[in-house]
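Dear colleague,

I am passing on the structure you will be working with. The sequence and coordinates come first, and my notes follow.

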Amino acid sequence: MIVGADSTDDSTLLRNAESLYQGYGLKRVYYSAFSPIPDSPGSVPLAAPPLLREHRLYQADFLLRGYGYKAGELLGQSGNLALDIDPKLAWALANREVFPLDVNRAEPALLARIPGIGLRSVQRLVALRRERRVRYDDLIQLRCVLEKARPFIVTSDYRPAQAELRSGLLRARLREPQAPVQMGLWG
Amino acid sequence: MIALDCDGLFATWRDQARVLLGHGIDPSQVTWLQGPVADLLAVPTALPEGAGPFRAKVPAALLSQLEQAARYRGEHRWNLLYEVLWRVAHGDRTAMLAGDRLGSELQRRIKQVNREAHHLHAFVRFVPLPEVLAEQLHLDLVAYHEPAHDILESASAHFADRLGRLRWMIATAHDGIRFDGQAFDYQRQCPEPWRQWARNAEDPGAELWRTYYRHTFNPARLNPDALRLHMPGRFWRHLPEGMLIPQLEGQARQGKQRDGQALEVASRAGKQISKPMR
């Protein structure tokens, strides 16, 4: 699906993708930020391709396919995905009552909803906790993204001090530094 | 200290490790020689005779993981494997899991090895030999590749599946492999003529491919970090488009990024396609 050539919002794109996955058994949907060639007609935007938006759509797409999220859960009210934080973190911030999760006890499907812990880490955590209790250092060893995961987890030797922190504050702390605005096409 | 040499072969290492394990010899007491520089402290001692009293049971998955990790070229290549084997054989299964300090290194090596196999499949560019030479050498396609790990033998079957009965050969700085349409011929030391054929082969399609690459390159979408992540610079030397990449990147940085797709493409008149008649 082409992103940014017309005014279609992320909600439409993701719901389309979801119905393609569910109704038609498609394996992958690809998103491509619209990139005009010189002297394109005025009906298309003459702007730099919205690469970050494309990236967020891919992140959301992976959450649909692999992690069991529904498109409705990821979108919220606005109809577009947030650009400053990834969709998984956005979901976690909007659903603080689910967290913090105990890494030693939680269901694998729930573990996969912790920001900064991916499907592969979940497999590895489950394998590890069969042998022994999981400690905070193990998550470092597994190269989980702890900056993101920290407020949302409990291990046998760690409880988040930030658990009480309001979502708005956490979001301000965790947002990605925005890249300098790309130069628009033709100045 | 026991100093061993397994000649870079997993099968040899496995036999040695089995004997060591049977006699209960601790990993700190063994070292495997690697390359010409030997461990100065290691006094070569003979391997104990016989299988030894300790019967170790390890999961089958461990053996295949060790075999994969053995293809990794790096320090403590064989010592690390024995350390993992020792811990798992003595009941500590976490040694093969990524959550453990040692297991994490093991898993990292396996990942690197698999990634290098992917690189082989992605960046080997076969060059067709001219007909006369092909008949003379019984070879249709040749390629030169420099993998960072010893993956050539295990990862090359992919090409036999893809190329059917074509006869091909891949030469590297270390080993080489040749397929005659039916069977593989793997050489641990790549024969010098193979290397010569592969390096001197001239690709008749290279110019066409470079033209295609230049025109499909979209400066507005350039992401140098992702580019290098997926196609490390060390492979560029052996790719026909390798010389173009830095050049196109430079142009993109100097303002072409603003133009969207290449001007050459935009300035073409294109082709009129008549509407289908009903």
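Chain A is assigned two domains, domain 1 covering 2-82 and domain 2 covering 94-174. Please keep in mind that this is a predicted model. In chain A, the C-alpha centres of domain 1 and domain 2 are 28 Å apart. The contact involves four residues of domain 1 of chain A and five residues of domain 2 of chain A. On the domain 1 side of that contact in chain A, one residue is nonpolar, three are polar and none is charged.

For chain B, the assignment gives domain 1 (2-118), domain 2 (124-200) and domain 3 (206-266). The C-alpha centres of domain 1 of chain B and domain 2 of chain B are separated by 31 Å. Seven residues from domain 1 of chain B and seven from domain 2 of chain B make up their contact. The side of domain 1 of chain B that touches domain 2 of chain B has three nonpolar residues, one polar and three charged.

There is also a helix pair in chain B. How do helices H2 and H3 of chain B pack? Helix H2 (residues 60-69) of chain B packs against helix H3 (residues 77-89) of chain B at an angle of about 170°, and their axes are 10 Å apart. Because angles over 145 degrees count as roughly antiparallel, H2(B) is roughly antiparallel to H3(B). The crossing of H2(B) and H3(B) is right-handed. From H2(B), B:Leu62, B:Leu66 and B:Ala69 meet B:Leu81, B:Val84, B:Leu85 and B:Val88 of H3(B). This contact between H2(B) and H3(B) has seven nonpolar residues, with no polar and no charged ones.

Regards

Methods:
Residues numbered from 1 in each chain as written. Chains lettered and ligands numbered in written order. Predicted model: local features only at pLDDT ≥ 70, side-chain atom pairs only at ≥ 80, totals over all residues. Domains from an automatic or database assignment. Contact = placed C-beta atoms within 7 Å. Nonpolar A, V, L, I, M, F, W, Y, C, P; charged D, E, K, R; others polar. Axes fitted to C-alpha atoms, helices over the stretch in contact; angles between N-to-C directions. Helix = DSSP H or I, 4+ residues; strand = E, 2+ residues; numbered from the N terminus. Parallel < 35°, antiparallel > 145°, perpendicular 65-115°, else oblique. Left-handed = near helix turned anticlockwise from the far one by under 90°.
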